[in-house]
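Q: Please take a close look at the side-chain contacts in this model. Which ones can be picked out, and how open are the residues that make them?

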Amino acid sequence: MKRPVAVIIVACVYLLVGVGGFIVHFPELTAGHRDAIAIELTEFLAVVGGTGLLLRQNWARWLALAWIVFHVALSFTDPISKLGVHLVFCILIAWALFRPATASWFRPAPES
């Protein structure tokens, strides 16, 4: 069974966001900002999730969903437009990773 295009897209987005975010926020880490370690940890988790998705790891679907749900929760203190964007991404990611065609790709192949 071929890797679903939706999985490739979501995984690539997570890898880009994780690596890009790590690079963008790295100066904050070196400057000793209070939240820098937590921010870099979330970027690292995005990279782990994206890599896990490409490697067909079922736990990576749940990590990817938890990651975006976390961002939705953080957005409750931001303007409604940012919350809306995160919520739309959350719905799209959940749909892409948990619809039946994609979910079956993450199931282990039957042993013969």
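A: A salt bridge is a side-chain nitrogen of Lys or Arg within 4 Å of a carboxyl oxygen of Asp or Glu. The model is predicted, so local features need pLDDT of at least 70, side-chain atom pairs count only at pLDDT 80 or more, and totals for chains, interfaces and linings use all residues. Residues are numbered from 1 along each chain as its sequence is written, and side-chain values use heavy atoms, with hydrogens and water left out.

The structure holds 2 salt bridges. In one of them, Arg34 pairs with Asp35, and their closest N and O atoms are 3.5 Å apart. Arg34 counts as exposed because its relative accessibility is 78% (exposed is over 50%, buried under 20%, partly exposed in between, with a 1.4 Å probe and protein chains only). Asp78 forms a salt bridge with Lys82, where the closest N and O atoms are 3.3 Å apart. Asp78 is partly exposed at 29%, and Lys82 is partly exposed at 39%.

Next come the rings. There are 4 aromatic pairs (ring centres within 6.5 Å; planes under 30 degrees apart are stacked, over 60 edge-to-face, the rest tilted). Phe22 and Phe26 make a tilted pair, with 5.7 Å from centre to centre and 40° between the planes. These two residues, Phe22 and Phe26, are 4 residues apart in helix α1, which means that about one helical turn separates them. A helix here is a DSSP run of H or I with at least four residues, numbered from the N terminus. Phe22 has 37% relative accessibility and therefore counts as partly exposed; Phe26, at 38%, also counts as partly exposed. Val17 lies in helix α1 too, which covers residues 5-30. With 35% relative accessibility, Val17 counts as partly exposed.

What about the interior? The largest nonpolar core has 20 residues (a core is a set of buried Ala, Val, Leu, Ile, Met, Phe, Trp, Tyr and Cys joined through side-chain atoms within 4.5 Å). Val7, Val10, Tyr14, Leu53, Ile68, Ile93 and Leu97 touch the most other members of this core. Helices α1, α2 (36-54), α3 (58-74), α4 (80-98) and α5 (100-106) each give two or more residues to this core. The most come from α3, which gives 6 residues. In soluble globular proteins, nonpolar side chains tend to be buried together.

Notes
Rings of Phe, Tyr and Trp (its six-membered ring) pair if their centres lie within 6.5 Å; planes under 30 degrees apart count as stacked, over 60 as edge-to-face and the rest as tilted.
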